[in-house]
Amino acid sequence: TVSHCRSRSQRQINDSKRDSQHSRRFLCDQLTHASGSLNILFSIPVWYALMGAAVWVVLGSSRLFTSSLLYLYVLGHELTHALAVICSRGSIHAFKADLDGGYIQTDKNNIFISLSPYFLPLWAMLWGLVWGVTYLFWPTVTCQALLYSGLGFWWCFHLFWTAWIIPKDQPDLADNGTFFSLILVYFANL
């Protein structure tokens, strides 16, 4: 009877494992059908982007280049405002960007101009533009790896500095109501 009990409990364990595996397969199948395809999460471009993001995390947390990176963020922030003004058919009268902050003086303001630096990652867009021009002359897999890793790096840069600057006193957010602006920035960055 002891061997009978063992084999019976072993069968129960095997049945339990099989049911667990079946449940996991069913859940994965359902998720795959619901979201189109989960294969994109395991694709090479995603891994390159994650490697670029990891480089940013190491560089950002090392604090070696904090002042240079802060200046780069402020410059990109103000340049994004300026580009939004130009896209809105406005004129720029003054421009300043340094480690203490920055500003632009313009004859036009709207929600797009005020909030564009919080949801348009300028450096990532410039990286994509430089990559596109480079890819015309050097269409290799290595070039594609640089695109995805660079986009991961610059997107992480954008998200880090945006999250860092929002709690500071930002008149950009107050122009259209702080709560509304924060909701819009949050959903635009998803």
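This is a predicted model: local features need pLDDT of at least 70, side-chain atom pairs count only at pLDDT 80 or more; totals for chains, interfaces and linings use all residues.

Colleague: How many cavities of 30 Å³ or more does a search of the whole structure find?

Modeller: Rolling a probe the size of a water molecule over the atoms shows where empty space is left. A cavity is a set of points, on a 1 Å grid over the protein atoms alone, where a 1.4 Å probe fits but cannot get out; lining residues have an atom within 4 Å of a point. Here the search finds one cavity of 30 Å³ or more. The volume of the largest cavity is about 90 Å³, and 13 residues line it, with Tyr 73, Pro 121, Leu 122, Trp 123 and His 158 the closest to its centre.

Colleague: Which helix gives the most to the lining of the largest cavity?

Modeller: Helices are DSSP runs (H or I, at least four residues), numbered from the N terminus. H3 gives the most, with four residues. Helices H3 (66–87), H5 (122–137) and H6 (141–165) each supply at least two. By type, the lining has nine nonpolar residues, four polar and no charged.

Colleague: How many aromatic pairs are there?

Modeller: Rings of Phe, Tyr and Trp (its six-membered ring) pair if their centres lie within 6.5 Å; planes under 30 degrees apart are stacked, over 60 edge-to-face and the rest tilted. That rule gives 12 aromatic pairs. One of them is edge-to-face: Trp 56 with Phe 157, 5.3 Å centre to centre and 80 degrees between the planes. Trp 56 is in helix H2 (residues 44–62) and Phe 157 in helix H6, so this pair ties together parts 101 residues apart in sequence.

Colleague: Is Trp 56 buried or exposed?

Modeller: Buried means under 20% relative accessible area, exposed over 50%, and partly exposed in between (1.4 Å probe, protein chains only). Trp 56 is buried at 3%, and Phe 157 is buried at 2%.

Colleague: Where do Trp 161 and Trp 164 lie?

Modeller: Both are in helix H6, three residues apart, about one turn of the helix. Trp 161 is buried at 5%, whereas Trp 164 is partly exposed at 33%.

How values were computed
Residues are numbered from 1 along each chain as its sequence is written. Side-chain values use heavy atoms; hydrogens and water are left out. On a 1 Å grid over the protein atoms alone, a cavity is a set of points where a 1.4 Å probe fits but cannot get out, and a pocket is an open set with protein on both sides within 12 Å along at least five of seven lines; lining residues have an atom within 4 Å of a point. Grid points are joined across faces, edges and corners, and a volume is the space filled by probe spheres set on the points. Ala, Val, Leu, Ile, Met, Phe, Trp, Tyr, Cys and Pro count as nonpolar, Asp, Glu, Lys and Arg as charged, and the others, Gly among them, as polar.
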